[in-house]
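Visitor: Hi! I'm new to this one, could you walk me through it?
Guide: Happy to. Let's bring it up and start with a pair of strands.

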Amino acid sequence: MRRTIERLVLFMCIPFFLTGCWDQRLLKEQKLILLVGYDVNSKGNVVASTSYPISKGGSRDSNSSSFSKSTILTTNGETALDTLLHADLNISERIDISKAHVILFGEKIAKKGLYQELDHIYRNPKGALSAKVAIIEGKAIDAIRLKQEEADLNGRYYDEFLKSGESTGFYTDYNVQSVFPLLLNHTKDPMLPLLNIHSEKHRARTVGMALFNNEKMTGKLNTTEAKMFLLLNGTKKRKVSFLIKTKNHDKKKQKNFVIIEILNARQKTKLQVKNDAVTALLSVKLQYRITEYPKNHITSPILFNRLQKEIKNRLTKTAEKTITKLQKANCDGFGIEEEIMVHHNQLWEKKYKNTALRDIPIKANIQLELINSGIIN
Amino acid sequence: MKNENQISKLQMITFIIQTQIGVAFLSLPYEIHKFAKGDSWISLILTGFFMEVLVIFYLVLCNRFPKQHFFQILESILGKVLGKCFTFFYTGYFLLTGSTILVLFVYILKRWMLPYTPYWVLLFLMVSIGIYIAIENLSIIARFYFIASFILILFIVIAPIAFRDVNIHYIMPIGHSGVMNMVKGATHATLAWQGIEIILLLSPNVKATRKERVKAVTFANLFITLFYSFLTFICLIYFSKEEIRLLPQPVLFLLKSFSFKIIERPDLVLVSFWIILVGTSFISYLYSASLAGAFLIKKWTRKSLVYLSAFICFFFAIFFNGENEIIKLTKYTTYTGLLFMIAIPVFLLILSLLFRKRQKGEVNAEND
């Protein structure tokens, strides 16, 4: 009997040592924020717009997930976390950003720098490191207010939107973690997806990529240039399509164009050093197929050669344009300074430390190889 | 009684590995990166080589006294009074290291997982686990360590997921930081090997021939070296130079940045497993301290001394928990570690070689 009582007392004491009592986070007491957008207002304060799901009509209905709706809350604050603390004042439950899918930035705040908005996520042990990051042309709040029809929650919509954009080759796959070294590292710069919002059409649209110099946004690429960048950089290897205008000005407009799809790309970055001056040579071998060519059938080798030449010319021009834009924005997305640091370390220490990209001449060399022209010639 | 304290060579391997892998390895890449930058992994391999030499010294020392454990060796070499003195110092060292493990463990756990849980609760839980296992005899502890070793496989399997997202340029150009910095990094890495001195205590209890012993110890050391350099290497190519400076526990941060369909935060799962690894190191030090204590005070049983040493560790840890104190404490532990782990055993070996001291009676007890 005494033993039983002893054990009983012991067992009753044990629960006091369970750590769950201090550090528990119950779902019913938390609002999970899936989507955050940061803007800056005219006073220079940070404006955070958050979107979180609310369940309507209670949990009786087991199929209620399809009816779940999200609400939007906008708050001001001095810093990114301060805005969220302010948001907490307006919400019936505690705010929790650790499950965020996507973090959006307005163009204006991106120009001021990204790191200060992301800092609290890196510091937090629960921080959402796998959240995706994107830049919105205009204001992020429009993106969050968007009434799209494709997914039930806005957070999920942007998550899927960015995922599909990555697989189609419009932009690189950066999340909060993988952009971290680039915001700090001075030898390579990040490039993030750039979206546009059509509020009337209830849609977001891919515009291209935002160019950064360290952590500040300095320029933009359109989608063609973004695709070209990904090929030149070697991040994207297949499933990228290009619309190319052939020279002949046919009256029927469609006949001026050909569409090719890249099936395989082999990329190489070479540095040529002459008299302590580096020239970067980005060469890429593309294997492609023709997916649309309304004008002609490729029956003779002469025709084909002419076409291929044209395609090569156009692509090279796009590549050059892309590089000029990057240089103008001083955005070292290729990591050329890093290449110099790795392969010509002494030269880097002497001359190229923190150099501007426009001081390094970059040449692009594109080689093409046709695999097929679809199932017809 | 004798049988219960015998362990096999496989158990010896896991015992050594488990004692060494504890708190330090989570922050190892960060600590060494301070000195050796992108060449930290080379530093670790250097330390591994150095430790291999040390381990051979240990075995040579132990082979001269095959039936005696370390504290008896101290007495036979240095004489009764001085030997007892050194045993006492060793007890203090084991307790200090045990407390440091506790302090760092709670510090990291509070930082990563349980920010609101009171300090003493976590401490209490760890200490009670430590007592629970450390009062058992050696073979039971060894069996537990063997089972716990499967956790290491988990770390080895999960860490390479980082290869999706690495940049090999971060460690290039190889050898850039210079030999001096690499050696500096290597000396600072010795803390991660702390616990290797357990060989001296285990040696008389292992059922193995000399050759098997050398093999077992070398294997354990090789495993540790590769494990450390592998994790460090991954961290180095995953995080950039500027980034790793900001991450005191890069291994955990690495795990935190992964996310799977079912487990979104693998770092939390792995922290839970890591607690076991810390536990085993702590248990080893409790065991060693109580063993030393039992040799000093013959009247007390080892069991009661486990309680006493656990209490001392708990008490010590509860007062040293500020950020500055932790830095100081780890510094002291590293230096005393160098003294007790390397200096004294090597000194003993030299003395025993100089004065031709061997175990009395059974001089030819090589083939036991």
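Guide: Keep in mind that this is a predicted model. Strand β3(A), residues 46–54, pairs with β4(A) through nine bridges, in the antiparallel sense.

Visitor: Which residue of β4(A) stands opposite Pro53(A)?
Guide: That would be Ser70(A).

Visitor: What holds strands of a sheet together as pairs?
Guide: In general, backbone hydrogen bonds do that, in either a parallel or an antiparallel arrangement.

Visitor: And how many strands form the open sheet in chain A?
Guide: Eight, with mixed pairing. Their order is β4-β3-β2-β6-β7-β8-β9-β10.

Visitor: Which strands stand at the edges?
Guide: In chain A those are β4 (69–77) and β10 (216–222). Each has a single partner strand, so one side of each lacks a neighbour in the sheet.

Visitor: How much twist is there from one strand to the next?
Guide: The average is 30 degrees.

Visitor: What does helix α9(A) touch on the sheet?
Guide: Helix α9(A), residues 223–233, packs on β9 (203–213) and β10 of chain A. The direction of α9(A) makes about 100 degrees with that of β10(A).

Visitor: Switching topic: how many residues does each chain bring to the contact?
Guide: Chain A brings 16 residues and chain B brings 23 residues.

Visitor: Which elements of chain A give two or more residues there?
Guide: On the side of chain A that touches chain B, they are α2 (20–23), α8 (176–184) and α11 (336–343). α8(A) gives the most, with five residues.

Visitor: What classes of residue are on that side of chain A?
Guide: Eight are nonpolar, six are polar and two are charged.

Terms used:
Residues numbered from 1 in each chain as written. Chains lettered and ligands numbered in written order. Predicted model: local features only at pLDDT ≥ 70, side-chain atom pairs only at ≥ 80, totals over all residues. Contact = placed C-beta atoms within 7 Å. Helix = DSSP H or I, 4+ residues; strand = E, 2+ residues; numbered from the N terminus. Nonpolar A, V, L, I, M, F, W, Y, C, P; charged D, E, K, R; others polar. Pairing = 2+ DSSP bridges. Axes fitted to C-alpha atoms, helices over the stretch in contact; angles between N-to-C directions.
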